[in-house]
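Please find below my note on the model you sent.

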Amino acid sequence: MTSTSAVATLALAARDRTRASRSWRWSSLALITLPWLILYFGGIFNPGLLDDVDSVYIEIAREMMLRHDYVTPFIDGIRFFDKPPLMYWMAAGGMHLFGVHDWAARLPLALGVLALLFAVYALGIRLFASISPAHAPDRGGLYAALGMALSIGPYLYTRFYIPDILIALWMTLAVHLFLIALDRARNNSVLVIETAKSAAIRSGSVDAVLLSEAQRAKSKHPYTVRLTTTVRAFQPKNSTLLPMLGFAAVLALNLLTKGLIGIVFPIAFAILYLALTRELSLLRKLSIIPSTLVFLAIEIGRASCRERV
């Protein structure tokens with residue numbers, strides 16, 4: 001295969017991946033929703049509240065409603081700062097809408113499971129579209145989501161009110177948003193090919209918009225083709241800003257759900273992935289400063305609300 005056709009293949013693969021990432025199908029979403037309706041929505045009405053975690057979380061949410069104070073958690077009149085507040089807010093929101101019932105407090109968590117299934121579906125499409133049938137590019141995502149929906153672990157961990165499912169949701173979203181940003185950073189990088197100017201211009205397989213002489217590439221990246229001429233394949237200049245802002249917002253929500261591990265795990269995954277793929281140099285293209293500002297704005301806003309109380 002010539003270097004020109006290799007670049008054409010890379011460009012077409014990137015475009016196919018973009019199309020596949022948008023290949024959500026209503027029939028697949030309905031099939032994913034069906035076991036959720038039976039197992040998770042149908043399961044919010046029993047069992048009753050259990051000791052410890054169930055009663056603590058939901059009693060704090062009930063007292064938030066009674067006090068009209070959604071910043072400082074109380075239980076039996078005593079301040080309780082042992083846990084981050086997002087789970088309290090979710091239960092309080094459900095009871096505010098539907099009344100003080102255990103099922104109303106559990107409803108937001110059940111909706112979180114549905115969001116997790118859709119998030120797994122979307123991530124599965126991105127990861128497995130290349131090996132899924134052409135007529136069903138979402139098959140990998142569908143199987144992944146159904147596997148999650150029918151697993152015993154998620155079901156058991158929603159029988160009582162704990163944040164583990166939400167952590168899985170934020171982690172899944174964080175990984176997906178990071179991969180979207182990373183793909184955009186890669187697509188905006190220079191594709192290096194070994195060919196002559198005239199060959200690249202005459203080729204109908206690559207939309208060349210920039211062609212310049214360059215020294216032989218010395219990159220050790222395994223996916224870099226070493227050569228003397230550079231071509232930028234025609235790609236939309238998609239910015240990494242939006243997915244990275246979403247990544248930062250998800251980190252903030254994870255921190256509000258479980259504390260410090262909510263930011264340690266996603267960031268550790270991102271750095272380890274870049275290190276293993278020898279792409280740490282792409283960090284500077286991932287809108288780190290705006291993302292950090294968004295994360296700090298969310299957390300400082302919550303902290304300032306607590307200080308005023």
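The points below are numbered and can be read separately.

1. Confidence. This is a predicted model. The protein has a mean pLDDT of 78, and 74% of its residues reach 70 or more. Residues 1-10 have pLDDT below 50, and this stretch has 14 contacts in the model beyond near neighbours in sequence. Over residues 190-202 pLDDT also stays under 50; here the model has 31 contacts beyond four places in sequence. Where pLDDT is low, the predicted coordinates should not be read in detail.

2. Nonpolar core. The largest nonpolar core has 65 residues. Within this core, Y161, L166 and F178 touch the most other members. Elements giving two or more residues to the core are α2 (26-41), α3 (53-67), α4 (86-98), α5 (102-128), α6 (139-149), α8 (164-187), α10 (241-258) and α11 (261-276). The most comes from α5, with 14 residues.

3. Surroundings of Y161. Leaving aside residues up to four places away in sequence, Y161 touches V53, D54, Y57, I58, M87, M90, A91, A105, R106 and L109.

4. Helix pair α10 and α11. How do the axes of α10 and α11 cross? They come within 7 Å and cross at roughly 140°. Angles over 145 degrees would count as roughly antiparallel; α10 and α11 are therefore oblique to each other.

5. Residues of that contact. From α10 the contact takes F247, L251, N254, L255 and K258; from α11 it takes I261, G262, I263, P266 and I267. By type, the residues of the contact of α10 with α11 are seven nonpolar, two polar and one charged.

Note on methods: Residues numbered from 1 in each chain as written. Predicted model: local features only at pLDDT ≥ 70, side-chain atom pairs only at ≥ 80, totals over all residues. Heavy atoms only, no water. pLDDT = per-residue confidence, 0-100. Contact = heavy atoms within 4.5 Å. Core = buried A, V, L, I, M, F, W, Y, C linked by side-chain atoms within 4.5 Å. Buried < 20%, exposed > 50% of the residue type's maximum accessible area, 1.4 Å probe, protein only. Helix = DSSP H or I, 4+ residues; strand = E, 2+ residues; numbered from the N terminus. Axes fitted to C-alpha atoms, helices over the stretch in contact; angles between N-to-C directions. Parallel < 35°, antiparallel > 145°, perpendicular 65-115°, else oblique. Nonpolar A, V, L, I, M, F, W, Y, C, P; charged D, E, K, R; others polar.
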